[in-house]
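Let's take a walk through a protein model together. Keep the 3D view open and follow along as we go from one contact to the next.

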Amino acid sequence: MSDISRAEVAVVACAELFRGDGEIVVSPMGFIPSLGARLARLTFEPDLVLSDGEAYLMTSDAVIEGWQPFRKVLDTVVPRGKRHVVMGANQIDGEGNQNISAIGGHSRPKKQLLGVRGGPGNTANHRTSYWVPRHGKRVFVEQVDIVSGVGYARAREAGLRHHDVHRVVTNLGVLDFGGEDHAPRLLSVHPGVSVDEVVEATSFPLITDGVTESRLPTESELLLIRTSLDPKSLRDKEVPS
């Protein structure tokens, strides 16, 4: 196996989101996060319970093996921090707030998006990560227009017990909010990407001490990605090399 693509590095970075999670419900929203979750279950996290992000429980081969009634999810999973969800984001700011609702002012937005959907409940009740396929200043903004997913300052004010914005994986690298007072920091850049490139594509300051290079997939992981999980290479349409 050779010629590792940017998309394959992103899949592995998404798989790494779940390292150490153990037996919890994983709800990856989006193709690359779904590949990452399935790869993690096939390799280093075999106890993960995979969800399609909404109601179905699936095998690593994406075969539906059960379903989770919405009422049951609310009763047993969501309020107790036993889920790790990966959402997208139209905007993320330096406090970890996420916006998938609208662009512009709330009373008269320039563009209507999904609405807040499950963002408030996800970020209030369990670990949440984000996947951004196009890292740029239009996504990584100084302040989100509308708060859908709750960031650290708001979570502290509200006393949210299970709030945990874990990581943000993008087509350029991996970020988290692990600096002092949850300041945003750059953890790794994907091969071929410079730290300066990520800093230039982000509207808020990033801590860049100790940045590493995102790990490459192993030979066995590449084989799984290319022959089992995504033989049609749809990943490359989402993250071109």
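Start with Arg19, which sits over the face of Phe44, 3.8 Å from the centre of the ring. Keep in mind as you look that this is a predicted model.

How many aromatic pairs does a search of the whole structure find? The search turns up two. In one of them, the ring centres of Phe140 and Phe204 are 6.2 Å apart and the planes make an angle of 65°, so this pair counts as edge-to-face. The cut-off behind that label is an angle over 60 degrees. Next, find these two rings along the chain. Phe140 belongs to the loop between β10 (127–132) and α5 (152–158), while Phe204 belongs to the loop between α6 (195–200) and β14 (212–213), so their pairing ties together parts that are 64 residues apart in sequence.

Let's move on to a strand. Look for β5, residues 83–87: five of its five residues are buried, so the strand is largely enclosed by the rest of the structure.

Which strands does β5 pair with? Strand β1 (residues 25–28) runs parallel to β5 and is joined to it by four bridges. One spot to look at is Pro28, whose bridge partner in β5 is Val86. β5 also pairs with β10 in the parallel sense, again over four bridges, and there His84 stands opposite Arg127.

Side chains of opposite charge can pair when their charged atoms come close. Arg127 forms a salt bridge with Asp21, and their closest N and O atoms are 3.5 Å apart. Arg127 is in strand β10 and Asp21 is in the loop between α1 and β1, so the contact ties together parts that are 106 residues apart in sequence. Arg127 is partly exposed, at 26%, whereas Asp21 is buried, at 14%.

How many salt bridges does the structure hold? It holds 10. Among them is the one between Arg215 and Glu16, with the closest N and O atoms 2.7 Å apart. Arg215 is in the loop between β14 and α7 (219–229) and Glu16 is in helix α1 (residues 6–16), so this pair ties together parts that are 199 residues apart in sequence. Arg215 is partly exposed, at 30% relative accessibility, but Glu16 is buried, at 17%.

Arg185 and Asp176 form a salt bridge as well, at 2.6 Å between the closest N and O atoms. Arg185 is partly exposed and Asp176 is buried. For a last stop, find Glu8, Arg226, Asp230 and Arg235, which are linked in a network of salt bridges.

Note on methods: Residues are numbered from 1 along each chain as its sequence is written. This is a predicted model: local features need pLDDT of at least 70, side-chain atom pairs count only at pLDDT 80 or more; totals for chains, interfaces and linings use all residues. Side-chain values use heavy atoms; hydrogens and water are left out. Rings of Phe, Tyr and Trp (its six-membered ring) pair if their centres lie within 6.5 Å; planes under 30 degrees apart count as stacked, over 60 as edge-to-face and the rest as tilted. Helices (H or I, at least four residues) and strands (E, at least two) are DSSP runs, numbered from the N terminus. A charge sits over a ring if NZ of Lys or CZ of Arg is within 6 Å of the ring centre and within 35 degrees of the ring normal. Buried means under 20% relative accessible area, exposed over 50%, partly exposed in between (1.4 Å probe, protein chains only). Two strands pair if DSSP finds at least two bridges between them. A salt bridge is a side-chain nitrogen of Lys or Arg within 4 Å of a carboxyl oxygen of Asp or Glu.
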